[in-house]
Amino acid sequence: MTTYNLALIGFGGVNRALAELIRDEPRRFADLGFELRVVAITDLAFGSLVQGEGIDLAAVLAMPRGSSFEGLPGGSTEARNEDVIKNSPADIVVEATFTSPIDGEPAVSHVRWALESGKHVVTTNKGPVALKGQELSTIAASNGVRFEYEGAVMSGTPVIRLAHKVLGGLELRAVQGILNGTSNYVLGRMEAGLGLEQAIAEAQELGYAEADPTADIGGSDVRLKVAILANELLGAGIHPNDVETTGIQDITSQDVADALARGCRWKLIGEARRDADGTVTAVVQPVALPAGHPLAGISGATNAVSFTTDLLGAVTVSGPGAGRVETAYALISDIIAVDEFAKGAVRA
Ligand SMILES: NC(=O)C1=CN([C@@H]2O[C@H](COP(=O)(O)OP(=O)(O)OC[C@H]3O[C@@H](n4cnc5c(N)ncnc54)[C@H](OP(=O)(O)O)[C@@H]3O)[C@@H](O)[C@H]2O)C=CC1
Ligand SMILES: N[C@@H](CC=O)C(=O)O
């Protein structure tokens with residue numbers, strides 16, 4: 001049985017859900033042919049903890065937010081990310097911190113430090129992928145490690161790997177979808193009569209929203225995801241700033257009610273399309289979809305993406321687009337990809 005040592009960078013909703021799965025379900029991983037051992041954790045609130053023999057996850061998960069790793073063997077109050085990423089005995093760095101939509105930091109640096117130290121990276125963080133994806137993949141390849149980021153788009157629902165591996169023989173012409181769980185949840189709750197602020201508060205409580213929910217409501221989260229899909233699947237080479245973006249912040253309860261009365265539902269739609277001249281254009285905007293549209297029935301934090309292909313026409317995938325456990329599963333699928341690579345099942 002292979003054992004992978006993990007360093008968890010960020011100990012918020014997603015990485016705590018992963019730690020809970022590792023604590024509670026070793027059998028799930030044993031069935032996959034490996035064991036996961038967390039040897040380091042860093043977090044702005046808790047500080048840093050490095051224990052090469054494996055951290056007692058039950059103990060750290062029981063620590064209330066506001067307490068500190070200081071006082072534990074290998075613990076300190078400070079989030080010593082660079083030192084932990086470079087020097088802890090981790091094989092895989094699990095990056096689940098904050099993302100700045102402007103420069104992707106601090107996550108870009110976290111990923112770069114790990115890859116340059118010869119450690120695999122699995123991440124749910126969109127910033128590094130959308131803003132520096134090509135550069136980081138090149139660093140990974142030259143260091144003989146993997147940079148995996150399935151959860152950067154649509155949480156645990158397979159999109160990126162599915163499109164690369166299973167749809168790889170098709171020509172993809174466009175991608176269009178509902179790519180933000182929070183805004184879709186919020187629009188649904190507004191249909192049920194809630195105000196915008198109250199609906200956002202619910203989405204935060206459920207673990208769907210970004211640390212700054214204006215990224216969800218204002219469209220910048222979807223802008224990053226559309227840029228990732230355009231670059232990964234349509235070979236676009238675009239920057240998120242190239243994606244014309246309008247969020248749902250100006251959609252009022254009255255707009256929602258009026259649309260419902262017309263048999264329509266407001267949805268925040270992200271789209272990237274290859275034009276006849278070969279250029280790729282991408283846009284994020286709210287659209288009042290008629291009830292018969294395939295995306296109109298996608299409710300709650302569920303997301304859906306439709307690929308326009310040459311041989312199959314439209315291929316649509318839907319599933320959870322946000323949520324702590326759902327997103328932790330994306331990290332597990334990335335670790336499976338690392339394991340396949342390490343065992344030689346997949347060539348770099
Ligand atoms: N939740 C979801 O449904 C999904 C999330 N994602 C992405 O996954 C990542 C994690 O999400 P989630 O767990 O929900 O977010 P949380 O805000 O719950 O957790 C992030 C954690 O990282 C900590 N943190 C922030 N900056 C740093 C830093 N520089 N060094 C160390 N720790 C840091 C935060 O501390 P503090 O709170 O003190 O700032 C917090 O504890 C995000 O990038 C998000 O966009 C992707 C898909 C779905
Ligand atoms: N805040 C995001 C989480 C996943 O990326 C969302 O609501 O979709």
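Tutor: Domain bounds come from an automatic or database domain assignment. The model is predicted: local features need pLDDT of at least 70 and side-chain atom pairs count only at pLDDT 80 or more, whereas totals for chains, interfaces and linings use all residues. Residues are numbered from 1 along each chain as its sequence is written, while chains are lettered from A and ligands numbered from 1 in the order in which they are written.

Student: How far apart do the C-alpha centres of domain 1 and domain 2 lie?

Tutor: The assignment for the protein chain gives domain 1 (2-155 + 325-342) and domain 2 (160-320). Between the C-alpha centres of domain 1 and domain 2 the distance is 27 Å.

Student: How many residues of each class has the side of domain 1 that touches domain 2?

Tutor: Domain 1 brings 15 residues to the contact and domain 2 brings 18 residues, a contact requiring C-beta atoms, placed from the backbone, within 7 Å. Helix α6 (residues 126-142) gives the most to the side of domain 1, namely six residues; helices (H or I, at least four residues) and strands (E, at least two) are DSSP runs numbered from the N terminus. By class (Ala, Val, Leu, Ile, Met, Phe, Trp, Tyr, Cys and Pro nonpolar; Asp, Glu, Lys and Arg charged; the others, Gly among them, polar), this side of domain 1 has eight nonpolar, four polar and three charged residues.

Student: Where does ligand 1 lie?

Tutor: Ligand 1 is surrounded by 30 residues, of which the closest are Gly10, Gly12, Val14, Thr124 and Ala322; a residue counts if its C-beta atom, placed from the backbone, lies within 6 Å. Two or more shell residues come from each of α1, β2 (34-43) and α13. Because domain 1 and domain 2 both give residues to this shell, the place of ligand 1 is between them.

Student: How many nonpolar, polar and charged residues form the shell around ligand 2?

Tutor: The shell around ligand 2 comprises Ser155, Asn180, Gly181, Thr182, Tyr208, Ala209, Glu210, Asp216, Asp221, Gly321 and Ala322. Divided by class, the shell has three nonpolar, five polar and three charged residues.

Student: Which strands stand at the edges of the open sheet?

Tutor: The sheet has seven strands in the order β4-β3-β2-β1-β5-β6-β7, with mixed pairing, where a pair needs at least two DSSP bridges. Each edge strand has a single partner, so one side of each is left without a neighbour in the sheet; these strands are β4 (75-76) and β7 (147-148).

Student: In which sense do β2 and β3 pair?

Tutor: Ala40 stands opposite Val50 in β3. Over four bridges, β2 and strand β3 (residues 47-50) pair in a sense that is antiparallel.

Student: At what angle does α13 run to β6?

Tutor: Helix α13 lies across β1, β2, β5, β6 (120-123) and β7. Angles run from 0 to 180 degrees between N-to-C directions, with axes fitted to C-alpha atoms, for helices over the stretch in contact. The angle of α13 to β6 is about 155 degrees.

Student: Which residues of α1 and α13 make their contact?

Tutor: The axes of α1 (residues 13-24) and α13 (residues 324-342) come within 8 Å and cross at roughly 70 degrees. That makes α1 roughly perpendicular to α13, the range for this term being 65 to 115 degrees, against under 35 for roughly parallel, over 145 for roughly antiparallel and the rest for oblique. The residues in contact are Gly13, Val14, Ala17, Leu18 and Leu21 of α1, and Arg324, Val325, Thr327, Ala328 and Leu331 of α13.

Technical notes. Contact = placed C-beta atoms within 7 Å.
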